[in-house]
Amino acid sequence: MDLEKQPQQPAAPVEPAGIRASDADRDRIADILREAMAEGRLTVDEHAERVDAVYRAKTVGELEPLVRDLPAPAGTARPAAPGAYGQGSPTGPAENLVAIFSSSTRKGRWRVGSRTNAFALFGSVEVDLTEALFGQRVTVINATSVFGSVDVKVPENISLRGSGTGIFGNFEVATLESADPEAPVVVVNGYSVFGSVEAKPKRGKFIADLQDRLRKYLG
């Protein structure tokens with residue numbers, strides 16, 4: 001007598017909290033945190049700590065606890081499903097650029113890591129990515145300026161995003177969306193107090209130009 005075939009068990013669905021977080025999910029959470037700091041619900045240190053955790057989170061479930069004790073601004077939804085844009089989250093050790101009553105500059109041909117912390121106190125930090133080598137798709141720069149300045153320059157053909165607050169200061173990110181879906185994405189987050197944080201493209205600088213020059217140099 002033939003044994004009855006056992007029906008195959010359907011694969012268990014992935015719980016919403018286990019869904020991989022997208023760049024759009026992280027940006028929404030960063031917006032909530034920015035508003036919370038502007039309203040006085042978070043201190044500057046708490047905001048910086050949570051924003052850093054946002055861009056290290058890999059799943060939606062890791063994002064939700066970061067804003068569980070905060071109200072969502074009008075028109076801002078909590079992350080419940082993966083966004084359509086991008087993959088991956090920055091991991092690994094961060095590079096620190098610190099300027100206290102001084103200046104710090106990172107530019108030229110260098111391999112940029114997934115995370116960079118730029119801190120200026122009565123000083124200036126310049127992060128020039130126009131000739132940098134990107135080893136990952138998403139690069140996060142956490143910029144803090146107190147009576148100082150942080151200036152970030154990027155090539156014209158990458159994606160540039162940001163989320164931050166100026167407290168008696170200026171926080172400005174010139175948002176870009178590259179036509180190339182594989183182009184690097186630079187995310188600038190942070191705040192300025194009586195200072196400035198600016199991120200914008202540098203005219204005439206394209207990442208493809210650097211790749212062409214490297215092929216000639218290495219060839």
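**Pocket, sheets and rings**

Mentor: Start with the largest pocket: H2 gives the largest share of its lining, four residues. Keep in mind that this is a predicted model.

Trainee: How much space lies in the largest pocket?

Mentor: About 180 Å³.

Trainee: And which of the lining residues are closest to its centre?

Mentor: Ala48, Asn117, Asn142, Ala143 and Thr144, out of the 13 residues that line the largest pocket.

Trainee: Which elements give two or more residues to the lining?

Mentor: Helix H2 (44–54), E4, strand E7 (138–146) and E11.

Trainee: How do the lining residues divide by type?

Mentor: Six are nonpolar, six are polar and one is charged.

Trainee: Sheets next. What is the strand order in the sheet that holds E4, E7 and E11?

Mentor: The order is E1-E4-E7-E11-E9. That makes an open sheet of five strands with parallel pairing.

Trainee: Which strands stand at the edges there?

Mentor: E1 and E9. Each has a single partner strand, so one side of each is left without a neighbour in the sheet.

Trainee: What does the twist average?

Mentor: 10° from one strand to the next.

Trainee: How many bridges join E9 to E11?

Mentor: Nine, and the two strands run parallel. One to look at: Ile167 has Val193 in E11 as its bridge partner.

Trainee: What about the sheet with E2 in it?

Mentor: Also an open sheet of five strands, with parallel pairing. Read the order as E2-E5-E8-E12-E10. The edge strands are E2 and E10, which pair on one side only. Neighbouring strands are turned by 10° against each other on average, direction ignored.

Trainee: Walk me across it. How many bridges join E5 to E8?

Mentor: Five, in parallel, with E8 covering residues 149–154. Asp128 stands opposite Lys153 in E8.

Trainee: And E8 with E12?

Mentor: Six bridges, again in the parallel sense. There Val154 has Pro201 in E12 as its bridge partner.

Trainee: Then how many bridges pair E10 and E12?

Mentor: Four, parallel. Phe171 has Val197 in E12 as its bridge partner. Val173 stands opposite Ala199 in E12.

Trainee: Switching to rings. How many aromatic pairs does a search of the whole structure find?

Mentor: Four. One of them is Phe101 with Phe122. That pair is stacked, 5.0 Å centre to centre with 5° between the planes.

Trainee: Where do Phe101 and Phe122 lie?

Mentor: Both are in loops. Phe101 is between strand E1 (95–100) and strand E2 (103–106), and Phe122 is between strand E4 (115–121) and strand E5 (124–128). The pair therefore ties together parts that are 21 residues apart in sequence.

Trainee: Are those two buried or exposed?

Mentor: Phe101 counts as exposed, because its relative accessibility is 65% and the cut-off for exposed is over 50%. Phe122, at 40%, counts as partly exposed.

Trainee: What about the pair of Phe168 and Phe194?

Mentor: The ring centres are 5.1 Å apart and the planes are at 10°, so this pair is stacked. Planes under 30 degrees apart count as stacked.

Trainee: Which loops hold Phe168 and Phe194?

Mentor: Phe168 lies between strand E9 (159–167) and strand E10 (170–173). Phe194 lies between strand E11 (185–193) and strand E12 (196–201). The pair ties together parts that are 26 residues apart in sequence.

Trainee: Accessibility of Phe168 and Phe194?

Mentor: Phe168 is exposed at 66% relative accessibility. Phe194 is partly exposed, with a relative accessible area of 43%.

Trainee: Last one. Which residues do the ring pairs link into a cluster?

Mentor: Phe101, Phe122, Phe147, Phe168 and Phe194.

Methods
Residues numbered from 1 in each chain as written. Predicted model: local features only at pLDDT ≥ 70, side-chain atom pairs only at ≥ 80, totals over all residues. Heavy atoms only, no water. Phe/Tyr/Trp six-rings, centres within 6.5 Å; stacked < 30°, edge-to-face > 60°. Buried < 20%, exposed > 50% of the residue type's maximum accessible area, 1.4 Å probe, protein only. Pairing = 2+ DSSP bridges. Axes fitted to C-alpha atoms, helices over the stretch in contact; angles between N-to-C directions. 1 Å grid on protein atoms, 1.4 Å probe; cavity = no way out; pocket = protein on both sides within 12 Å on 5 of 7 lines; lining within 4 Å. Points joined across faces, edges and corners; volume = space filled by probe spheres on them. Nonpolar A, V, L, I, M, F, W, Y, C, P; charged D, E, K, R; others polar.
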